[in-house]
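The following exercises are to be worked with the sequence and the model at hand. Each task is followed by a solution in steps.

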Amino acid sequence: MDGMREHEQHEHIDGRHDHNDPAGDAKLHESSMDLAAVRARLQSKTGKQYWRTLEELAGDPQFAELLHREFPRQAPSEWDDSVDRRDFLKLMAASLAFAGLSGCGRTPEQYVVPYVKQPEGMVLGKPQFYATAMPFGADAIGLLVESHEGRPTKIEGNPDHPSSLGATNVFAQASILNLYDPDRAQTVTKFGEIQTWSLFVESAQAIAAEMKAANGAGFRILTGIVTSPTLAAQIQSLLTLFPQAKWHQWEPAVGDGTREGAKLAFGSYLNTVYRPEKADVILSLDSDFLGSGPGHIRYAREFSRRRKLDGPSDTMNRLYVVEPTPSVTGATADHRLPLRASEVELFARALAAKLGLGGATALPADTEKWLDAVARDLQKHKGASLVVAGEQQPAEVHALTHAVNDSLGNVGTSLYYTEPVEAHPVNHLESLRQLCADIDAGKVGTLLILGVNPVYTAPHDFDFASKIKFDPSTKQKKVKNTICVSSHFDETAEVCDWHVGESHYLETWGDARAFDGTVTVIQPLIAPLYHTHSARAVLGAFTEKPGATDYDVLRERLKAAYPSADFEKFWRKTLNDGVISNSASAPINVTLKFNPASLPAAKTSSLDEIEFLFRPDPCVYDGRFANNGWLQELPKPITKLTWDNAALISPKTAENLKLAHNVAWGGGEHGKVYSNVIDVALANSKVTAAAWIVPGQADGVVVLPLGYGRKRAGYTGTNKGFNAYAVRSSSALWAATASSTMIKKTGEDYPLACTQYHFNMEGRQILATGTLEEYRKNPGFAHEPGGNPPKELSLYTEYSYPGYAWGMAIDLNSCNGCNACVVACQSENNIAVVGKDQVMRGREMHWIRIDRYYEKSVKSVTNDPSSYDASLDNPPTFFQPVPCQQCENAPCEQVCPVGATVHSAEGLNDMVYNRCVGTRYCSNNCPYKVRRFNFLRFQDWETPQLKLLRNPEVTVRSRGVMEKCTYCVQRINTARIEAEKDNRKIRDGEIVTACEAACPTQAIVFGNANDPNSRVAKLKAQQRNYTLLGELNARPRTTYLAAVRNPNPELLTAWRSPAKESA
Amino acid sequence: MSAGQPPFDSPEIRRLTPVLGPGHTYASVTDKISAIVLTRPTSLGWFIGFAIAFGLTGLMTVAIGWLFIKGTGIWGINIPIGWGFAIVNFVWWIGIGHAGTLISAILFLLNQKWRTSINRFAEAMTLFAVACAGIFPLIHTGRPWMAFYMFPYPSTMGIWPQFRSPLIWDVFAVSTYGTVSLMFWFVGLIPDLATLRDRAIQKPTKIIYGMLAMGWRGSARHWQRYQSAYLLLAGLATPLVLSVHSVISFDFSVSIVPGWHTTIFPPYFVAGAIYSGFAMVITIAIPLRKAYGLEDYITMRHLDNMAKVMLATGLIVAYGYFFEFFLSLYSGNKFDVFLVQQRLHGPYAPFYYSLILCNILTPQLLWFYKIRHNVVVLFIMSIVVNIGMWLERFVIVVISLTRDFVPSAWGRYSPTFWDWATYIGTIGMFVTLIFLFVRVLPAISIAEMRELVAETSEKKE
């Protein structure tokens, strides 16, 4: 740090030197001025003339030179002109000397170890992969990050990591954009003024000295969930140093129900690890365990493994979901029952009662029938069943779930318990409440906020901003010192004294525990882009060793925690693997100390009342990703909305409230839909939101997604959507019940950017679905008569593919619509973000989209969820990823006038951007509408950070050209080069497309269709395999495997809507 | 035919409505027509009309300039509707551009004397319409500065256009048609240019017309060469009238989009083109004869005949609509059946019904003699048909694209300000060119009118 300061001073001195060169002045005085020339010039001029000095008037070339040199930006003006060798050497010597001085602080000597291949020196143009991890809530996702010449460009999952298994989710994929976000906080500030890190350390030391004297009283730390052992150790050491200091935690989008439920059931905080793979029957009680929460990537993988069908004799697991609002888990379910959130608890109680655990609850008759069937199914699969409770459900539901799992004998088979993964599990709401109370009581002198944004996320009745803000009326602050560490200068940073820009996880050393306790070392891929610091370093500034680097602290801790004979070897292996082997928490034996009958009577809400639910947004989560353009533009899995959140309402409730949608003419179903604006008044607060009608949502439920309406998120995220936190109170953190009069139509309409409004397949065989029974009876049910016309029908001669014939198979039975592939593709292929206005015009650029359809029988008259129909109450939902189908008989190729889209020898439809003139004829003729056109210059060519982000192997497209999925042709060619070097064929699985790599359920398989032993050829040989719009004879290389559901015969009518039954 | 109305066509009608007003001599014809260009003072009306039209041309220039700066994203097009106003307008203008050559070439070959007084400005109209049309394929591309890729030039990379694409056929069809139309028009102008040269008073006018007249002296040899050249060009232009719009219809029928992929398109497009072309000739002829007092030259007979051609081609178009409809349903192809439903009940149904009203129902009034001979009604009707034909292209190009195969990708289209600005701008350019044309060139062929005088007087004798 001293080095850096010195550097700054040097620059300063250097600058002064340049400006006040006494020698230069002397020289100027030496040269005599030609007064005669001045007089001559004056006489020769007419009219008003101004001159700065007589020298200028004289046209003195020396003056001209002085003018030029007077305002140079230090030395660089020397470079403008040709520099002779002597000057060049002088300058080089000077800059090298300064570089040496400035260099010591900036480039720490720390070693990172590549994951797969040990480079014998960098090969330019060849990416390297490093293992690291992204901490996220009570989980860390193990990653392999692709690095091109030292800049990370793409994130992949780490196959050796338990929570990734090689796959990722949208947040991990998009987190690389956060690294290069130009709006990130770039330095240390105090009251908004830029400060140096050393000044911060000085004042931190001063605070520490003060605290030391007071034994730490008044020192408070506020964090989110911490799973990093090193960070936790750092906090602990501070707490030891300041015995009266306190550590508070606030994670806005993770409920306390999970923790408190375990405490209720077992008497202590515990971590539950599920093994969906071991379960034949799964019941989710409002849990989106396939789409969010710790371990969801792994759970999705395990769950889908039990649904992979090789043939009609295979078996499948069965998933029941009870939930108030559709989630990707609900959409994947074999049976889904929409219930209000409060009814989920009643359902759980009734289930416990049904299983003989005591207690009794009356349910409505149809729910009761459903429950009976589920209970019987669960009981039939004792030890091979699983009940999962949702993160947002209260402690009672979690406790009941533990009891049910216990009685079903699932503990030890389909789930196990471990010690908490969180370093310091507490009730977050109480923790934050305590902090607020202490601030009000004047007990807090220094508040250190690490990586959370409580001003934005705290329950609005806490009014957190007023707790730390300078109060102009009393002219004082309740907290003397407030220090905020966050990646952006956000709402909290604005009202804090100090703000330290937080380094991205790809910029710092660190560690984190995964959902099962496995410890991962977070390895940086790049030195901090800006003057940012890790939360640990900020904490370190208050200790006696403020200068300790993250690297040293981490290694010290690991050395102590994992003693080994050869630490360096252990270290290198850990970095290489991305995980510390055998560090997963061991299963522990627990005894249930909970009797469902002992629960107090459940609170019931009247059906006339509206239940307002607060849920993290599937794209921006709790708001932390609000400034991430990829996530903002990502269509949300169920609603397909982008750039906004909306108050989600069921069709029936919408009808009662007279809310409707109105498809706009511009963009229409593929872009712009007007929705009614409503005022929601809750807990003495009000928010204005756009209402969005969601088929399948429980009646009487309004979901207010969190994470939008940010006031200080950055260019991308500020003022998008509405802020649901504004009506979220501490008494109703997840569900608030209020009269329906609390919703008022304002009479205004708000345009929402929805990429797929039309949910009906119009009776076409777009997304083939069937039941397991149907599949067994007729394995080829997905094939329509006349579906595949004879090849000879084409006018043009067949291509032959003697070598490779690339193909893709997408198993719709596995896809749960999680969107990871969409963001992975965007990241891999430098796909532009176009913004809400362009999305509303139907011009989003995603090369792969996920279509969401409701079962065929859903009414097709208006295709408008805002005109109520009973089939919209709980429509079976399916997802279909649609990338370019790479047709062999491609309609696009035939109509391109300039041959810009051409067939490759291996069957790809190659796009030649250089040749494209942009007639858009190919897109018109594409039956799948997967082509994307650069209507304007969508790419950002100016922002330097974004240049670092781009994949150098993929062209950055300009305006006026068409683009589309290439099957990641750059990856194909990389594999080809490797194979040709070894003089062999490309092996199956050697090429993994970006979408395939990201997919948690392995729904996407790519390979050589010419090789009958390849995975893709085997999938294509299955009878479930069908071609989208096969009757057009385009003969796509991408084919689909029909989705098969495994309904309980007892409940068959519930799954199939009545219309279909009668038909 | 109702009683009291003259029969549809008879010597009686021909007598009542001659192709040339009575009492004209060589000199009177020449005086009258050349005076418009040479001696009559330019009226205030001309200046006002020209100013408005030129203003609109300016709007077009701005719209295209902005387009080149920003990209095609300033228009309403999107995915799935990759073609919007630009292509609608292109097909519409090309359709309008059919009447001129049809009148000049085919009616010339068929020896229809009544074509004489309207062929000149009909041909001019054709050229201007083709010019307007030609703008669109260029500017609608994403990278217009690369549009030359569509021409088969000897590229050093050895790359040729992709000849399977109908857009390449378009390039050839339209450029050939434009070239032949220009030649045909210019050759027809030569004797008149010589007349103007001879009658011009001012020196510069004399020189300009003299250069354009290419040394025409009216010798028998000139006339002999001239007439064989004209005949040859007429023969050359005739198949083009049929081919251009057939080829343009291939842009649609060769694709697989439901609503585009129809074998009936070539004849149906040609009929539609002639239909709209004649409508536009009427739209121009009626104000022109009024403004310059040319009622003797463009007589009711002309208007009546053009109305009849409109009626006939309108019926062919109606037949096309019917069979497009019928075949969609008869094929049983679910996408085609759906398309029919969409046209009748979809979000754009009002456009389809307006189209039926404009193109099929309204023109049925032309069965009536009184309607055909009511200049005001005829003028309005020609405008209605022009609107109808524009709607037809909108229905085909845009609405077919809104809902094709995969429902998830369905969308909608609405034009932006710049779409309208470009469209109205080309109308402005068209009118500007028409204004300039009537001001500097004889709007009616003097030479052919003199011939007509000779013929009519011969008959009388």
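Two residues are in contact if their C-beta atoms, placed from the backbone, lie within 7 Å. The model is predicted: local features need pLDDT of at least 70 and side-chain atom pairs count only at pLDDT 80 or more, while totals for chains, interfaces and linings use all residues. Residues are numbered from 1 along each chain as its sequence is written, and chains are lettered from A and ligands numbered from 1 in the order in which they are written.

**Exercise 1.** Describe chain A as a whole.

*Solution.* Begin with the contacts: of those in chain A between residues at least 6 apart in sequence, 75% join residues at least 24 apart. Next, consider burial (a residue is buried if 20 or more other C-beta atoms lie within 10 Å of its own). Of the 1063 residues in chain A, 56% are buried. Finally, the secondary structure of chain A comprises 36 helices and 41 strands; helices are DSSP runs of H or I with at least four residues, and strands are runs of E with at least two.

**Exercise 2.** Determine the length and the surroundings of helix α4 of chain B.

*Solution.* Helix α4(B) covers residues 85-96, which gives 12 residues. From its first C-alpha to its last it reaches 16 Å, close to the 16 Å expected at 1.5 Å a residue (the expected span is 1.5 Å times one less than the number of residues). As 12 of the 12 residues of α4(B) are buried, this helix is largely enclosed by the rest of the structure. Among them are Phe85(B), Trp92(B) and Trp93(B).

**Exercise 3.** Carry out the analysis for α7(B) and α8(B).

*Solution.* Helix α7(B) (residues 166-199) packs against α8(B) (residues 203-213) at an angle of about 155°, with the axes 8 Å apart. This pair is therefore roughly antiparallel. Residues of α7(B), including Ile190(B) and Arg197(B), meet residues of α8(B), including Lys206(B) and Tyr209(B). The contact residues divide into 7 nonpolar, 1 polar and 2 charged.

Technical notes
Axes fitted to C-alpha atoms, helices over the stretch in contact; angles between N-to-C directions. Parallel < 35°, antiparallel > 145°, perpendicular 65-115°, else oblique. Nonpolar A, V, L, I, M, F, W, Y, C, P; charged D, E, K, R; others polar.
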